[in-house]
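Let's take a walk through this protein together. Keep the picture open as you read.

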Amino acid sequence: MLLSCTDVRKTFGGNVVLDGLDLEVAEHEVVALIGASGSGKSTLLRCVNLLTEIDDGTILLDGAEITDPQVNPDLVRRKIGLVFQSFNLFPHMTVLDNITLAPTRVHKRAAAETRDQAMTWLERVGLADKAKAFPDGLSGGQQQRVAIVRALVNSPRLLLLDEVTSALDPELVGEVLTMIRDLKAEGMTMVLATHEMGFAKQVADRVAFLDNGRVLEQGPPEQVLGDPVEPRTRQFLTRIIEAGRL
Ligand code: ADP
Ligand code: MG
């Protein structure tokens, strides 16, 4: 397994957010996390990226325990990219500088090599002409694609995407989804939290339904979204359908 989360627990001030969560992700697999707001999707992604420290359990990447306190989190984050709903680009820096900042400053990689890699990615996603632009000169969809490139420039083993289309105007969602679909075609392993059930259905190999900090049900998208076993999954999907999002 590329990623193995076992009995992961996280409590915030008495609020149990991850309650013995287990999740395995194989190389090249795309797993969509679905579940009600507050079910722990973002917390799980943050724990995997070591932005949030777990209370108990283990998280393994390529068989090595990354939640071991001895592990340098910067080395782990180089192998695990995380992209947020809000793009978090620095407004005072160009697109290219936003992308190359962490690899050169934090990870001490050669600036020239990093710039080359950044430009290669920007070309692939059709944003090479924006390299010298500032984020506010880009559409939301373009900014989010830059944020994804920033996560890719370290050639991560795993890409975590947290509701990356939620802040976008509907007409800009498509270009970001296309980029994610292309990454899947290239074999990128991804875990994505999403409210876009239609997209989960199209792109995910497996859908995992989170409920109260555990994976309550998981399986192929057709099964989990089309014919769920658990009453709570059914309830959740009924609400989604009522809201017109499936
Ligand atoms: P989801 O992404 O599924 O909506 P989250 O992981 O964001 O769920 O949140 C799960 C719960 O954890 C929520 O009740 C939220 O308020 C709480 N939570 C998340 N981060 C923190 C934090 N840093 N401090 C306190 N509570 C938090
Ligand atoms: Mg969230």
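Which residues are around ligand 1? They are F12, N15, V17, A36, S37, G38, S39, G40, K41, S42 and T43, where being near means having a heavy atom within 4 Å. Before going on, note that this is a predicted model, where local features need pLDDT of at least 70, side-chain atom pairs count only at pLDDT 80 or more, and totals for chains, interfaces and linings use all residues. Residues are numbered from 1 along each chain as its sequence is written, chains are lettered from A and ligands numbered from 1 in the order in which they are written, and side-chain values use heavy atoms, leaving out hydrogens and water.

Now look at who is in that shell. By class it has 3 nonpolar, 7 polar and 1 charged residues; Ala, Val, Leu, Ile, Met, Phe, Trp, Tyr, Cys and Pro count as nonpolar, Asp, Glu, Lys and Arg as charged, and the others, Gly among them, as polar. The largest share, 3 residues, comes from α1. Helices here are DSSP runs of H or I with at least four residues, and strands are runs of E with at least two, numbered from the N terminus.

Zoom in on the oxygen atoms of ligand 1. One is 2.8 Å from an N or O atom in the side chain of K41. A backbone N or O atom of G40 sits 3.1 Å from a ligand oxygen, and a polar backbone atom of S39 is 3.2 Å from one. Polar contacts are N or O pairs within 3.5 Å; within protein, one atom must be able to donate a hydrogen and the other to accept it, and residues adjacent in sequence count only if both atoms are side-chain atoms.
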